[in-house]
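User: I have a structure open and would like to go through parts of it. Can we start with the terms?

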Amino acid sequence: MPDLQPTCALGAPKPKTARFGVLTVTENANLALASVALRRDAGAPDLPLPGPGEWIEAEDIAVFWIGPDQWMVEGHGRAADDFAHAIAHRALGCSVTEQTDGFAAFEITSDAGAEPIRALLEKLVNVEAHCFTAGQATRTGFHHMSVFVIRRADDRLAVLGMRSAAGTIWHALTETAGRLEVTA
Amino acid sequence: MLIPHPLLGPRDSSEFSYLGDASLMDRPDGMAPDAAERFHDYVHLRDNPAGIHRELWFHEQGDRSWLVVTRNTVTHEILGAELARDARKGGAA
């Protein structure tokens, strides 16, 4: 048997993490993703369906809106499972696409409440930082790429971007978080 | 310049890409007897108004929806935006 070793998006065997003052940036290698799109004449899936710009956490999954009649489903800790297959059973008649390997996810946590996350948002992305509260998610421009930004909680933010650009996203996140630490 | 996205609220115009006149949604029937003539007009002839103009914008760095944006080409004022699929439903009726 060949000796295969799974590699994280940043190329190391273990997910990377870095700390900048009160902010911690961590690569989330265990996040499973599947997109769900409604077909014109099919029924609604058996999933929570948040409205435009929203993110909902349910029992075993989380869902955010990505476009009209389209959602992305997150499975925390399920990257090694056949996640899209499991979701397809709950979304009969819908188009379900495996997305896990297309994206790299980064989780940013703050030890000092919402303010450092808000400062980071103001630097990084083209969203109105004071309106982008817990439960909001959107796709927007970020360093000449596009990413999904999810405000999981007041003190937690997630950035999901193209896996092939993981290094560039990591660079942008850590550079900005590092500069905020200097100015804080 | 901000575009008032009907679902997501005001978004920066840099997230969008521009296609052109909203009348491009009304594609002629390729099977019609005078299809060649109608496609000539569809492909080559455009109004070029100084003033109110309805145009197609794509939310490329966002939710990837097509919008019909009404813009004043003289002042660049954006007067409104709607989802192209809603505009099309309205237009087909």
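Analyst: A residue is buried if 20 or more other C-beta atoms lie within 10 Å of its own, exposed if 12 or fewer, and partly exposed in between, with C-beta atoms placed from the backbone. Helices (H or I, at least four residues) and strands (E, at least two) are DSSP runs, numbered from the N terminus. This is a predicted model, in which local features need pLDDT of at least 70 and side-chain atom pairs count only at pLDDT 80 or more, while totals for chains, interfaces and linings use all residues. Residues are numbered from 1 along each chain as its sequence is written, and chains are lettered from A and ligands numbered from 1 in the order in which they are written.

User: OK, which exposed residues does H3(A) carry on the face turned away from its buried side?

Analyst: Gly167(A), His171(A), Val182(A) and Thr183(A).

User: And which residues of H3(A) are buried?

Analyst: Ala166(A), Ile169(A), Trp170(A), Ala172(A), Leu173(A) and Ala177(A) are. Seen down the axis of H3(A), they fall within an arc of 165°, so they line one face of the helix. The arc is that of the directions from the helix axis to the C-beta atoms.

User: What about H1(A), which residues are buried there?

Analyst: H1(A) covers residues 83-90, and its buried residues are Phe83(A), Ala84(A) and Ile87(A). Their arc is within 90° down the axis of H1(A), so these also line one face. His85(A) and His89(A) are exposed on the face turned away.

User: What covers the buried residues of H1(A)?

Analyst: The cover includes strands S3 (31-37), S6 (70-76) and S7 (95-98) of chain A. Contact here is between residues whose C-beta atoms, placed from the backbone, lie within 7 Å.

User: Switching to strands. Why is S9(A) largely enclosed?

Analyst: Five of the seven residues of S9(A), residues 136-142, are buried, so the rest of the structure largely encloses this strand.

User: How does S9(A) pair with S10(A)?

Analyst: They pair in the antiparallel sense over seven bridges; two strands pair if DSSP finds at least two bridges between them. Phe142(A) stands opposite Met145(A) in S10(A). The two strands form a hairpin with two residues between them, and His143(A) in the turn has a positive phi of about 50°.

User: And in chain B, which strands does S4(B) pair with?

Analyst: Four bridges join S4(B), residues 52-58, to S3(B), residues 17-21, and these two run antiparallel. S4(B) also pairs with S5(B), residues 66-72, in the antiparallel sense over seven bridges. Asp21(B) has Glu55(B) as its bridge partner, and Leu56(B) has Val68(B).

Technical notes: Contact = placed C-beta atoms within 7 Å.
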